Amino acid sequence: MEQISVVTTVVDARSVADLLAAAAVAGRLAACAQVGGQVASTYWWRSGVETSTEWSVQFKTAPDRVDALVEHLRVSHPYEVPEILVSQVGCGHPGYAAWVFEHTRP
């Protein structure tokens with residue numbers, strides 16, 4: 001089974017999520033990006049518990065492009081300490097894995 005990488009983050013505005021998604025795909029750091037609906041997040045920040053509404057963004061990329069995508073997100077992300085999670089997943093359709101690889105070539 002082929003492997004692809006899924007990188008996820010959250011931001012505080014839909015417009016920011018859309019910009020991160022578009023920039024990653026245009027820069028061939030991700031083959032596609034999906035902006036998910038609002039999520040309610042509760043977390044520790046600066047010695048207290050906070051709750052906010054955030055938008056999730058999920059990027060599909062080739063394993064060899066993860067480091068470049070993560071660095072792009074670190075630099076572009078509006079948060080001081082952004083959540084950037086990376087998962088390696090098995091891809092059940094070899095054609096999809098090939099498509100992801102093809103569309104993440106610089």
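**View 1. The sheet of the predicted model is open and has four strands, in the order S2-S3-S1-S4, with antiparallel pairing.** Strands are DSSP runs of E with at least two residues, helices are runs of H or I with at least four, and both are numbered from the N terminus; two strands pair if DSSP finds at least two bridges between them. Strand S2 (32-45) and strand S4 (85-91) stand at the edges with a single partner strand each, so one side of each has no neighbour in the sheet. From one strand to the next, the twist averages 30°. This is a predicted model, in which local features need pLDDT of at least 70 and side-chain atom pairs count only at pLDDT 80 or more, while totals for chains, interfaces and linings use all residues. Residues are numbered from 1 along each chain as its sequence is written, and side-chain values use heavy atoms, leaving out hydrogens and water.

**View 2. S2 and S3 pair over 12 bridges in the antiparallel sense.** Ala 33 has Phe 59 in S3 as its bridge partner.

**View 3. The largest nonpolar core has 16 residues.** Such a core joins buried Ala, Val, Leu, Ile, Met, Phe, Trp, Tyr and Cys residues through side-chain atoms within 4.5 Å, where buried means under 20% relative accessible area (1.4 Å probe, protein chains only). Val 7, Ala 24, Phe 59, Leu 69 and Leu 73 have the most contacts inside this core, with contact meaning heavy atoms within 4.5 Å. Strand S1 (2-11), helix H1 (14-26), strand S3 (48-61) and helix H2 (66-76) each give two or more residues to this core.

**View 4. A second, separate core has five residues, including Ile 4, Ala 31, Cys 91 and Val 100.**

Methods. Buried means under 20% relative accessible area, exposed over 50%, partly exposed in between (1.4 Å probe, protein chains only). Axes are lines fitted to C-alpha atoms, for helices over the stretch in contact, and angles run from 0 to 180 degrees between N-to-C directions.
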